[in-house]
Amino acid sequence: MKIDQFNFAGKKAIVRVDFNVPLDSEGHVTDDTRIRGALPTLKKVLSDGGSLIMMSHMGKPKGKVKPELSLGQIVKNVSDALGVEVKFAPDCAKAGDAAKALKPGEALLLENLRFYAEEEGKPVGIDKEDPKYNDAKAAMKESQKEFAKTLASYADVYVNDAFGTAHRKHASTAVIADYFDKDSKMLGFLMEKEVTAIDNVLKNAQRPFTAIIGGSKVSSKLGVIKNLLDKVDNLIIGGGMGYTFIKAQGGHIGNSIHEDDLIPEALNVMEEAKKKGVNLSLSVETVIADDFSNDANTKVVDIFNIPDGWEGMDSAEASIENWKKIIMDSKTILWNGPVGVFELDAFAKGTAEIAKTVAKATQENGAYSLVGGGDSVAAINKFNLGDKVSYVSTGGGAMLEAIEGKVLPGVAAIEK
């Protein structure tokens, strides 16, 4: 069922949102982006004349009640954003009466789902090596089903609008869907946009298709890189992970971050790219520093010749120029991960130039650009270019798993 075709009049809808927002030491919300992102779905339920039940996690309480992670702290923020007074259920598993009392147009927020270990479905307090672990795991899975059944009992309709957790098979993101028929469960507007954005790059890409993969470790994105080799025309690898590829080719990388155990995989990626006709573009010139700080001494060197005691910190001019040309010639662009230590202003230029070029290709050449992953989103926002690209994904881990070719449980549960 598509949410825009559904009429919530007279229905109670339980909506999985991602209200895992940052709080300061006083419990005040410091960034309400995730709350605002859920508004189209939440307002649709209310404007149709439905009753709204919102559920979310916050942080990692691991099955314990932690007041500093209570969603009670954000009730006012959600009320202000929605334009209705939101009621609060202080125990998500004992909210049946509060849900039943909801009238059309009213809204209820449940307490943090992860105060219950059943939400994540992992045994607590028992080591994986313990002989009793498998029994504990099986028992927890049954408890997870009961927990999901309880949540489902509050409503007539289930909506999943939390893409950031779509890669988790949790009670509220996947298991709960089993208790609703196909016409009573659906993706929210935000989830639909995320799924469409990923399909646009993985299934419907216009060519040339370029992926820019950065960040610090090859190990965290090896599956993504391998899957993309079957889909892209150009693969730009930058940031800290690039030094593993340079060392694999015999380069001297000084003290730069790298993973020696991934050198065979790096060589394999380069060989596969060659076989498949993918243009694999690595950095050729780098900004190095003698310390990991804004005040470090810096110089620009050939990336194959970084002196001992120095480390690569940012992509330098020659690398950036190569990448700009590739990006500007592209019709589809996927960007995940910075190409330098952009959080330090002294080493933010490379990532800033990538951000500007992706935005320029989108605005001037009509390229479709998808930016995702925590650091990439932080970078695009740091340079105020979020509205200049086609789509900025809200789910780092979920987006990476989708790009890796994995099935997202939160999406699959709606579709079955």
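In what order do the six strands of the open sheet run, and is the pairing parallel or antiparallel?

Analyst: A word on the source: this is a predicted model. The six strands run in the order β10-β8-β7-β15-β16-β17. The pairing is parallel, and the sheet is open. Its edge strands are β10 (279–282) and β17 (391–392). Each of these edge strands pairs on one side only.

Take β7 and β8 as the close-up. Strand β7 covers residues 209–213, and strand β8 covers residues 234–237. They pair in the parallel sense over four bridges. Within that pairing, Ala-211 stands opposite Leu-235 in β8. Strands of a sheet pair through backbone hydrogen bonds, either parallel or antiparallel.

Pro-208 lies in the loop between α5 (189–202) and β7. A cis peptide bond joins Arg-207 to Pro-208, with omega at about 5 degrees. As a rule, most residues other than glycine have a negative phi, and most peptide bonds are trans.

One case belongs to the loop between α11 (374–382) and β17, where Asn-384 is found. Phi of Asn-384 is near 55 degrees, a positive value in a residue other than glycine. Asn-384 has a relative accessible area of 63%, so it is exposed. Another case is Lys-62, with a positive phi of about 55 degrees although it is not a glycine. Lys-62 sits in the loop between β2 (51–55) and α2. Its relative accessibility is 58%, so Lys-62 counts as exposed.

There is also a sheet of three strands. It is open, has the order β12-β11-β14, and its pairing is antiparallel. The edges are β12 (298–302) and β14 (311–315). Each has a single partner strand, so one side of each is left without a neighbour in the sheet. Direction ignored, neighbouring strands of this sheet are turned by 45 degrees against each other on average. Strand β11 (residues 285–289) and β12 pair in the antiparallel sense over five bridges. In that pairing, Val-300 in β12 is the bridge partner of Val-287.

A helix covers part of this sheet. Helix α9 packs on the sheet and touches β11 and β14. Its direction makes about 40 degrees with that of β14.

Helix α9 spans residues 317–328 and helix α10 spans residues 349–365. Their axes come within 9 Å and cross at roughly 20 degrees. Angles under 35 degrees count as roughly parallel, and α9 and α10 are therefore roughly parallel to each other. The crossing is right-handed. From α9, the contact is made by Glu-317, Ile-320, Trp-323, Lys-324, Ile-327 and Met-328. From α10, the residues are Lys-349, Gly-350, Glu-353, Ile-354, Thr-357, Val-358, Lys-360, Ala-361 and Asn-365. By class, the residues of this contact divide into seven nonpolar, three polar and five charged.

Helix α1 (residues 33–47) and helix α2 (residues 75–82) have axes that come within 10 Å and cross at roughly 60 degrees. That angle makes α1 oblique to α2. Here too the crossing is right-handed. The α1 side of the contact consists of Ile-35, Leu-39, Leu-42, Lys-43 and Leu-46. The α2 side consists of Asn-77, Val-78, Ala-81 and Leu-82. The contact has seven nonpolar, one polar and one charged residues.

Two loop residues complete the account. Thr-165 lies in the loop between β5 (157–160) and β6 (185–187). Its relative accessible area is 4%, so Thr-165 is buried. Leaving aside residues up to four places away in sequence, Thr-165 touches Arg-16, His-57, Arg-114 and Thr-173. Gly-405 is in the loop between α12 (396–403) and α13 (409–415). At 54% relative accessibility, Gly-405 counts as exposed. Gly-405 and Glu-311 are 94 residues apart along the chain, and their C-alpha atoms are separated by 33 Å.

Technical notes:
Residues numbered from 1 in each chain as written. Predicted model: local features only at pLDDT ≥ 70, side-chain atom pairs only at ≥ 80, totals over all residues. Heavy atoms only, no water. Pairing = 2+ DSSP bridges. Axes fitted to C-alpha atoms, helices over the stretch in contact; angles between N-to-C directions. Parallel < 35°, antiparallel > 145°, perpendicular 65-115°, else oblique. Left-handed = near helix turned anticlockwise from the far one by under 90°. Contact = heavy atoms within 4.5 Å. Nonpolar A, V, L, I, M, F, W, Y, C, P; charged D, E, K, R; others polar. Buried < 20%, exposed > 50% of the residue type's maximum accessible area, 1.4 Å probe, protein only.
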